[in-house]
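Trainee: I'd like to learn how to read strand pairing and a ligand site in a model like this one. Can you walk me through it?

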Amino acid sequence: MKTKTILDSIGNTPLIEVEENIFAKIEGFNPGGSIKDRIVLNMILEAEKKGILKKGDTIVEPTSGNTGVALAMVGAMKGYNVSLLMPETTSPEKIKMIKAFGGEVILIESIRFRKDVIVDIKERIKQGEKIVFLNQYENPMNPLAHYQKTAQEILRQLKGRKIDFFVAGMGTGGTITGIGRKLKQKHKDLKIIGVQPKAGETIEGLRSLKEGFVPPILDLDLIDEIYDLESIKAEEARDDLAKNKGILAGPSSGAALYISREIAKNNPKARIVTVFPDRGERYLYY
Ligand SMILES: Cc1ncc(COP(=O)(O)O)c(C=O)c1O
């Protein structure tokens, strides 16, 4: 029998009815503490299958944190070096976690993060540097992890009951695209709602399309509406979630809860599914 590793505990997270008709997938239950464990494992398995990634290789990735933690964890287990480019606003806890797994962290000025960083990494590869770039913003294995696994779990956990709305924060767009696509195939009238930070504000893990970068894996045609949210509202909802529901999650979970509640107010009978992407311990310095 194959020995179980920590990677076998990724996924199969609980779906909890946090409020009447609002069901949240609690992704902090993954071993690395976030939804990103799922996509990282999927991207790494595919790269290994294609022969792009071999033991001892160095993986380089821009990440606002959770993908970095997941990469460092999976990299530690599988014998890859992991070098992460992260915005200077990243929580110190995430940086410490990555280092604990043996990963390297390079902090980047927030304004240059993502678009410029992706261009820079591609240029390094062109110049012949021996690094592997999985690129969560372009890698189809990101939404596919959610299409094949996360969404299937939700459908199974709800035992086929109708879903009226799916609400998700948007970072790479993998969650909203992968889960949204599968749920919409099963429930034709489903409305898919995206959440992004109000322009100029930060909700860690989320980004605004108004910054001018649309991740290639994000399928905008799937999305019915996108809400811009003030970070203070996400933080208040996150605090309320801990104090009144006993779930300690990150600010993007607060954002998902806040918008789910707004939708519930206007659609009192609707069944709403959302995702709480990570655990709250990594934000306690706020
Ligand atoms: C805390 C947190 N919430 C939400 C998201 C958004 O998920 P996705 O990248 O699948 O759009 C991320 C992604 O980085 C995240 O780290």
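Mentor: Start with pairing: two strands pair if DSSP finds at least two bridges between them. Keep in mind that this is a predicted model. Here, P87 stands opposite I108 in β5.

Trainee: How many bridges join β4 to β5, and in what sense do the strands run?

Mentor: There are 5 bridges between β4 and β5 (residues 104-108), and the two run parallel. To get from β4 to β5, the chain passes through helix α3 (residues 92-100), a right-handed β-α-β crossover.

Trainee: Which residue stands opposite V82 in β4?

Mentor: That's I59. Strand β3 (residues 58-62) pairs with β4 over 5 bridges, in the parallel sense. Helix α2 (residues 66-78) carries the chain from β3 across to β4, and this β-α-β crossover is right-handed.

Trainee: And how many of the residues in β4 are buried?

Mentor: Buried means under 20% relative accessible area. By that cut-off, 6 of the 7 residues in β4 (residues 81-87) are buried, so the strand is mostly covered.

Trainee: Now the ligand. Which residues are closest to it?

Mentor: Of the 17 residues that surround the ligand, the closest are K36, G171, T172, T175 and S252. For polar contacts, look for pairs of N or O atoms within 3.5 Å. A polar side-chain atom of S252 sits 2.6 Å from a ligand nitrogen atom. The side chain of N66 has an N or O atom 3.0 Å from an oxygen atom of the ligand.

Trainee: How much of the ligand's accessible area does the protein cover?

Mentor: On its own the ligand has 390 Å² of accessible area, and the protein covers 97% of that.

Note on methods:
Residues numbered from 1 in each chain as written. Predicted model: local features only at pLDDT ≥ 70, side-chain atom pairs only at ≥ 80, totals over all residues. Heavy atoms only, no water. Buried < 20%, exposed > 50% of the residue type's maximum accessible area, 1.4 Å probe, protein only. Helix = DSSP H or I, 4+ residues; strand = E, 2+ residues; numbered from the N terminus. Right-handed = clockwise from strand over helix to strand, strands pointing away. Near = heavy atom within 4 Å. Polar contact = N/O pair within 3.5 Å; in protein donor to acceptor, adjacent residues only side chain to side chain. Areas by Shrake-Rupley, 256 points an atom, 1.4 Å probe, with all protein chains shown as cover.
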